[in-house]
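Please look through the structure shown here alongside its sequence. The explanation after it is meant to be read with both in view.

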Amino acid sequence: MKKGKYVMIVTISIVCFLLMMVIFMQFKVTQKSKEINIDTMQEAELRQQLANWKNKYEETKKKREEVSNTLETYKEESSSDSKTQEALEKELSTLEQALGKTDVEGEGIIINLREKKENELGDDESITPIFANDLIYIVNSLKDAGAEAISINNERIIGITDIVDIGEYVNIKINSNYIRTNEFEIKAIGNSSYLESSIFGKGGYAEQLEISGIKATVQKSNKIRINKYTGEINFKYVEEVN
Amino acid sequence: MNKKREIIILTIMCFALSIAIAVQIKTVKNNGTTIGSTQSESNLKAQVLKMKEKYEKEYEWLEELTNELETVRQNVSSHNDGLKELEDKIKKDNLLLGNSEVKGQGAIITLNDGKADFNLLDIDQDPLIHAENVLQVINELRNAGAESISINDERVTNKTAISCDGNVIVVNGSKIGTPITISAIGSSARLATLDRTGGTLDIIFRKAGKIAEFKKVNTVELPKYSGVYSYKYARNID
């Protein structure tokens, strides 16, 4: 009788001990699984990073090959001035394109913005003019999506472009030129799907414009022409560091 | 009687234990699949590093060639006025595009997140620096005649986008932490209009509880653009 009780206590103790161990192991495994979950979230970020570096690598490689070729031309044809001139002009035209001083053509999108009419307004929406900030955000999103050339009402966006409100309403100044209408046509050259979704995709700026009472429409095209910047670009304060 | 109770208790115990073990085995099995993804992830990490290294090598090569190109270009065009003129234009364009390190008179603006003051309960309070805020300052600087601008170590060019990735601001694809230092070259007197009472810095930053410091400087140095200008869709048509 007494012996049986001992056996029972010992057995139960062992079983309890084992059970506890199993529970602990279980806890540990569950915790680890959670950590791995965070890691898989990072996987998407890693893929994004990989794509970014790959893109940068390819751009740089293309540029390096270009520079290599130009260098060869200068070295080979140093005897003939006409060949040198040709190469110099080619280099210059690439730089002028980057500056926005050439007319360009290519695949892209056209965005039209205008104030909504009274009968187009939804609940809680009211007529609001388009402000400089709206245009600044749109231009920035287009650049983020890889736009290679942008213009607003035929005013080319270049490195020193500023877009500011002048009067309380309606007057906007781009590149020191006044735009005296509150309807805008924004053209951008680049991958038309990327460009479109950067503004009209879910959470894009078009949603915000809609609420502000601004009608935004988009049109994709294989052939968009963007005019050059016609002003002079001169620096007075900038000098090169040698 | 007692023995019967003993058996029942032990049976229940064993049953609980076997269920626990079964659950355990199942979890471990599931875990096996996630281990697979950690492996692919470390593989991915290695790929990212490798690609970054490849890019850096290529970039270094490009820099070397660009320097050589400049010397060679100068040599081949120095004997002819027409060629010299073209070469000068190329030099000027490279300066305008941000392809070189530059210096000059200007201003330095330092932006930082403020601290939320919960006693104020001010609805205008928003002490964090957002990407849009930086974008607006850049636009205002250009309006005040800034010729070249950089944000921390990133040169702002006509290709530069300023976006946000969660709480971090991204410029030229690189993450920028606070404090954000914006350096601009231009007339420092004109640039100082941003700092006047009720001016841009007051409206966008200080009013909302963000920190903005403005300093005129006689010389500020800007880094060159770290990217390259390349075009895939746009073609010249003249």
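This is a predicted model: local features need pLDDT of at least 70, side-chain atom pairs count only at pLDDT 80 or more; totals for chains, interfaces and linings use all residues.

Residues are numbered from 1 along each chain as its sequence is written, and chains are lettered from A and ligands numbered from 1 in the order in which they are written.

Chain B contains 5 helices and 9 strands. Here helices (H or I, at least four residues) and strands (E, at least two) are DSSP runs, numbered from the N terminus. Along the sequence, the elements of chain B follow the pattern α-α-β-α-β-β-β-β-β-β-α-α-β-β. Of the 238 residues in chain B, 31% are buried. A residue counts as buried if 20 or more other C-beta atoms lie within 10 Å of its own, as exposed if 12 or fewer do, and as partly exposed in between, with C-beta atoms placed from the backbone. Among the contacts in chain B with a separation of 6 or more, 74% join residues 24 or more positions apart. Two residues are in contact if their C-beta atoms, placed from the backbone, lie within 7 Å.

Strand 7 of chain B (residues 180–185) is mostly covered, with 5 of its 6 residues buried. Strands of a sheet pair through backbone hydrogen bonds, either parallel or antiparallel. Two strands are said to pair if DSSP finds at least two bridges between them. Strand 1 (residues 102–112) of chain B runs antiparallel to strand 7 of chain B and is joined to it by 6 bridges; in this pairing, B:Leu111 stands opposite B:Ile180. Strand 2 (residues 148–151) of chain B also pairs with strand 7 of chain B in the antiparallel sense, over 4 bridges, and B:Ser150 has B:Ser183 as its bridge partner.

How many residues does each chain give to the contact between them? Chain B gives 87 residues and chain A gives 86 residues. On the side of chain B that touches chain A, helix 1 of chain B supplies the largest share, 39 residues. By class, this side of chain B has 37 nonpolar, 29 polar and 21 charged residues. In this classification, Ala, Val, Leu, Ile, Met, Phe, Trp, Tyr, Cys and Pro count as nonpolar, Asp, Glu, Lys and Arg as charged, and the others, Gly among them, as polar.

One meeting of the two chains involves a pair of helices. The axes of helix 2 (residues 81–99) of chain A and helix 2 (residues 81–96) of chain B come within 9 Å and cross at roughly 25°. Axes are lines fitted to C-alpha atoms, for helices over the stretch in contact, and angles run from 0 to 180 degrees between N-to-C directions. The crossing angle makes these two helices roughly parallel. Angles under 35 degrees count as roughly parallel, over 145 as roughly antiparallel, 65 to 115 as roughly perpendicular and the rest as oblique. The residues in this helix contact divide into 8 nonpolar, 4 polar and 7 charged. Strands also link the chains: strand 9 (residues 239–240) of chain A runs antiparallel to strand 1 of chain B, joined by 2 bridges, and the bridge partner of A:Glu239 is B:Lys103.

Strand 5 (residues 172–174) of chain A is joined to strand 6 of chain A by 3 bridges, and A:Lys173 stands opposite A:Tyr178.

Strand 2 of chain A pairs with strand 7 (residues 184–189) of chain A in the antiparallel sense over 4 bridges, and A:Ile150 stands opposite A:Ala188.
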